[in-house]
Amino acid sequence: MYNIMSPKAEEFISDEEIRRCLAYAEENKNNREVIDRILEEARKMKGISHQDALVLLDCELEDKNEEIYQLARDIKQEFYGNRIVMFAPLYLSNYCINGCEYCPYHARNRQIPRKKLTQEEIRQEVIALQDMGHKRLALEAGEDPINNPLEYILESIKTIYSIQHKNGAIRRVNVNIAATTVENYRKLKEAGIGTYILFQETYNKESYEQLHPSGPKSDYAYHTEAMDRAMDGGIDDVGLGVLFGLNNYRYDFTGIIMHAEHLEAYKGVGPHTISVPRLRRADDIDPDVFDNGISDDMFAKIVACIRIAVPYTGMIVSTRESPKSRERVLNLGISQISGGSRTSVGGYTTEERPEDTTQFEVDDRRTLDEVVNWLMKLGYVPSFCTACYREGRTGDRFMSLLKSKQIVNCCHPNALMTLKEYLEDYASPETREIGEALIQKELQTIPNPVVRKKAGEYIDNIHEGKRDFRF
Ligand code: SAM
């Protein structure tokens, strides 16, 4: 029985409710009257239900699809402007006791070299990331209570925050580790993590159980209820995701919107981010085996419809996607991207054969400087901002800032100041030249004259060597 307020996975992600929506959308996908009603509701920019979002996703009417894409662009612009936040993943360990069929770190894989970074190796990796210009990391690790216990993750976070190297600093550490207990989430919160990220992989219980035949991750309910426990442990920024390609995309699209609705209704805060990873080739993994791959067109439509359904959420696209595919979804709703990523343990410092421990092949192999340069040429402002997290604007406080539309006087100057730091400390001459002109142009778009003036002064201060200003 579907119950958005239930603590039970099978009730807030009800299979019966999803199947009802799948049938409703199939019936109404080309019904102009229904679609116009949904679009009218969506134009209020307050989100739409999982059922209505699926109708838009399924819609095949060309003119209506144009309206859907345009609305997604408008919502992206309204809530997130032209800023794109930059981050990089950091793989700590690929020891894992789970049996995930799509991930080469699964326990049965005896050919992949297993590696866990020491605190000194973490220090070297982080210095390499700081030297690229990164300020925000997503920690990644397999699940292995003996090799990677929570204490190891906590110690690693402490190490990362403590590293002072030139002007570099990691100011926000997000964490993508296996589902755990309320007590452990509390410890992660105390360690100062930003977002707790956990991908659902698929919301279909039956497929989930087939894809996770062994290990602690095989427990569908424990995994699906993890975000509720994270919030009970005090973490109010959580990041959802589905691994597209594993299961029917319509089912999982509906599931992820229902999960967002559940968090907002039951915990008072929706997801801070939604990620849209697509399955990639990897060591002993052939993505074609899963038979649920989605086209680039459908991928773009999914991004647009998530943007419309959950307007306030940050949306992340990683280097799993090619530059072309990333470019296409940027203005449809993406607010964060990774750059210069390595998906191997020790990949930022190992020159030789880093692919040995790679989790999956990346499709965007450009350096961070190349990605920043490319974004600016496309008219985006790459941002290294971490101000909200550091000012305690997390959870509902961040959401109310977004909903109040005050971000133009807050996020925009913060983005420009952190971009200025990047240009001063790490950019190539060409990137710097493009960036300086962009900053001058974008400063003029800050509506509040006091903030505009102050931001200009801070930017001059940064040029003189000062760092870390924020609104
Ligand atoms: N071990 C943790 C877990 O299982 O949730 C989190 C870390 S795991 C390194 C991060 C994510 O990578 C997984 O949640 C999965 O969605 C994704 N992933 C695994 N194998 C992949 C593949 N072959 N292609 C693309 N993404 C993959």
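1. R250 and D58 are both buried (buried means under 20% relative accessible area, exposed over 50% and partly exposed in between, with a 1.4 Å probe and protein chains only). Their side chains meet in a salt bridge, 2.6 Å from N to O; the term denotes a side-chain nitrogen of Lys or Arg within 4 Å of a carboxyl oxygen of Asp or Glu. R250 belongs to helix α12 (residues 249–267) and D58 to helix α4 (residues 50–58), so this pair ties together parts 192 residues apart in sequence. Helices (H or I, at least four residues) and strands (E, at least two) are DSSP runs, numbered from the N terminus.

2. The model is predicted: local features need pLDDT of at least 70 and side-chain atom pairs count only at pLDDT 80 or more, while totals for chains, interfaces and linings use all residues. Residues are numbered from 1 along each chain as its sequence is written, and side-chain values use heavy atoms, with hydrogens and water left out.

3. A search of the whole structure finds 41 salt bridges. One of them joins K420 and E424, whose closest N and O atoms are 2.9 Å apart. Both residues lie in helix α18 (residues 411–425), four residues apart, or about one turn of the helix. K420 is buried at a relative accessible area of 4%, whereas E424, at 23%, counts as partly exposed.

4. Which side chain of opposite charge is nearest to the buried E261? It is R20, 9.1 Å away, and E261 has no salt bridge; in this count Lys and Arg are positive and Asp and Glu negative, with His and the chain ends not counted. E261 is placed in helix α12. Leaving aside residues up to four places away in sequence, E261 touches Y2, I4, I48, S49 and H50, contact meaning heavy atoms within 4.5 Å. R20 itself is found in helix α2 (residues 15–28) and is partly exposed, with a relative accessible area of 39%. From R20 to Q124 the C-alpha to C-alpha distance is 52 Å, across 104 residues of sequence.

5. The aromatic pairs number seven. Rings of Phe, Tyr and Trp (its six-membered ring) pair if their centres lie within 6.5 Å; planes under 30 degrees apart count as stacked, over 60 as edge-to-face and the rest as tilted. Y91 and Y105 make an edge-to-face pair, 6.4 Å centre to centre with 85° between the planes. This pair links distant parts of the chain, Y91 being in strand β1 (residues 83–93) and Y105 in the loop between β1 and α6 (119–132), 14 residues apart. Y91 is buried at a relative accessible area of 4%, and Y105 counts as buried at 4% relative accessibility.

6. Y458 and F469 form a stacked pair, with 4.5 Å between centres and 15° between planes. Y458 lies in helix α20 (residues 449–463) and F469 in the segment after α20, so parts 11 residues apart in sequence are tied together. F469 is buried, at 19% relative accessibility.

7. Two charged side chains are placed over aromatic rings. The charged end of K116 sits over the ring of Y152, 4.4 Å from its centre, and R278 lies over the face of F299 at 4.3 Å from the ring centre. The criterion is NZ of Lys or CZ of Arg within 6 Å of the ring centre and within 35 degrees of the ring normal.

8. How many disulfides are there? The count is zero, a disulfide being a pair of cysteine sulfur atoms within 2.5 Å. For C96, the nearest cysteine sulfur is that of C100, 5.9 Å away, and C96 is buried at 15% relative accessibility. For C100, the nearest cysteine sulfur is that of C103, 5.9 Å away; C100 is buried, with a relative accessible area of 8%.
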